[in-house]
Amino acid sequence: MARILSGIQPSGTLHLGNYFAMMKRMIEFQHEHELFCFIVNYHAMTSVQDGDLLRKNTMDAAMDFLALGLDPEKCFFWVQSDVPEVAELTWILGCHTSMGLLERSHSYKDKTARGLTPSCGLFTYPVLMAADILLYQAKLIPVGKDQKQHVEITRDIALRFNGTYGETFVVPEPLIADEIALIPGLDGQKMSKSYGNTINIFETEKELKKKVMRIVTDSTPVDEPKNPDTCSLFALYRLFASDEKLEDLRGRYLAGGTGYGDVKKELFGLIWEYFSPFRDRRERLAGDPAAVAAILAGGAEKTRTVAAITLDDVKRKVGLRYR
Ligand code: TRP
C-alpha cells in the first residue's frame with residue numbers, strides 16, 4: 001500500500017479536465033492506497049488575490065470532491081493552509097534550494113513568458129510543492145505531465161537534504177497516467193481555466209447544453225465521412241461513453257450521415273447522466289457549509305499529526321530545536 005499524495009488548486013471552478021486528470025483517479029486510489037488529497041489554497045494565491053473568491057473556490061472544491069465520492073474517513077482530506085506546518089517547512093527547504101534549480105522551472109518560465117509579473121511566491125512555488133510532498137513522506141505523486149518537473153525538483157531537494165542531514169525524507173516519484181489523453185476544451189485547445197474553454201463538473205442543465213453546443217468542430221457536411229481521431233467532440237464523447245457506444249459512434253463518423261449537432265445532443269445527455277448521481281449530494285453539501293467546514297477541520301486535525309512528526313525531525317536536524 002503506497003502512500004499517494006496530490007493536490008488541486010482552487011483557482012477556479014473545477015472542470016472536466018480537472019476531473020479526468022486528477023479527481024477521478026484520486027477517488028479511485030482511496031480504496032487501495034493510503035491517500036493524501038488536499039486543496040492547495042496557498043498555491044492558488046499565486047493567481048487568486050481576492051479573499052472572498054479564494055474562500056468560495058476553496059469551499060466549492062471541497063464540496064465537489066465530497067460529492068464525487070471522496071471519503072474523508074478513508075483518506076486524508078484537508079485544505080493546505082489548515083496545516084500551516086507546510087509553510088514552516090517551505091522556509092527551511094527554501095534555504096536548502098539553489099536559485100538555479102528554480103530558475104530552470106518550465107512552469108515559471110512559461111508564466112513569465114506570457115507576460116505575468118512574477119511574485120516571489122510564484123518563483124518559490126516548487127519549494128512549497130516540495131514541502132507538501134515531503135512533509136507527508138509520500139511516495140507516489142499522481143500529476144499531469146505539466147507537473148512532472150515539480151516532482152523532479154522535489155526529488156532533488158529531498159536527496160540533497162538527506163545527503164546533508166541523513167535519511168529524513170522519502171524520495172517521491174511522479175505517477176503520470178499516459179492513457180489520459182489531452183482533454184480538449186470548447187475551442188479544441190487543452191481544457192483550462194486560463195483559456196476560458198471549460199465545461200464545469202456541476203453545470204446547470206441549461207448551461208451545460210449551451211456549452212456542449214458551442215464545441216468547435218470542422219465543417220464537414222452531414223453526409224460525408226468524418227475523422228474521429230482529430231475531433232474534440234469525439235475525444236470528449238470517449239470519456240463518457242461505453243466501449244460499445246464509442247465503437248458505434250466511430251462507425252457513424254467513418255460512414256457519414258451523422259451530423260455534429262446530433263453528436264452534441266448525445267454528448268450532452270451522456271455528461272448530464274454521468275454526473276447525475278453526484279448532483280443531489282453536491283446540492284445538499286452546498287446547503288450545509290457548516291457540515292463541510294467540520295469535515296475539513298477534522299481532516300486537518302488528522303493530517304497535522306502526520307505533519308508534526310516530520311517537521312519535528314527536520315527542526316531537530318537543522319538545529320532549530322536548540323534547547
Ligand atoms: N502544482 C499542482 C498543480 O497545479 C498542485 C499541487 C500543489 C500539487 N502541491 C502539490 C500536486 C503536491 C501534487 C503534489 O496541479
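Author: In what follows, Ala, Val, Leu, Ile, Met, Phe, Trp, Tyr, Cys and Pro count as nonpolar, Asp, Glu, Lys and Arg as charged, and the others, Gly among them, as polar. By that division, the shell around the ligand in this predicted model consists of seven nonpolar residues, five polar ones and one that is charged. These 13 residues surround the ligand, and the closest of them are Gln9, Tyr125, Met129, Asp132 and Gln147.

A polar side-chain atom of Tyr125 lies 2.7 Å from a ligand nitrogen, and an N or O atom in the side chain of Gln147 is 2.9 Å from a nitrogen atom of the ligand, while the side chain of Gln9 places an N or O atom 3.0 Å from a ligand oxygen. Of the 370 Å² that the ligand exposes when taken alone, the protein buries 89%.

Turning to the elements behind this shell, β1 (3–8) and α8 (125–135) each supply at least two of its residues, and α8 gives the most, with four. Helix α8 also packs against α4 (residues 85–94), at an angle of about 115° and with the axes 8 Å apart, in a crossing that is right-handed. In this contact, residues of α4 including Leu89 and Leu93 meet residues of α8, among them Leu128, Ala131 and Asp132; by class, the contact comprises nine nonpolar, two polar and two charged residues.

Terms used. Residues numbered from 1 in each chain as written. Predicted model: local features only at pLDDT ≥ 70, side-chain atom pairs only at ≥ 80, totals over all residues. Heavy atoms only, no water. Near = heavy atom within 4 Å. Polar contact = N/O pair within 3.5 Å; in protein donor to acceptor, adjacent residues only side chain to side chain. Areas by Shrake-Rupley, 256 points an atom, 1.4 Å probe, with all protein chains shown as cover. Axes fitted to C-alpha atoms, helices over the stretch in contact; angles between N-to-C directions. Left-handed = near helix turned anticlockwise from the far one by under 90°. Contact = heavy atoms within 4.5 Å.
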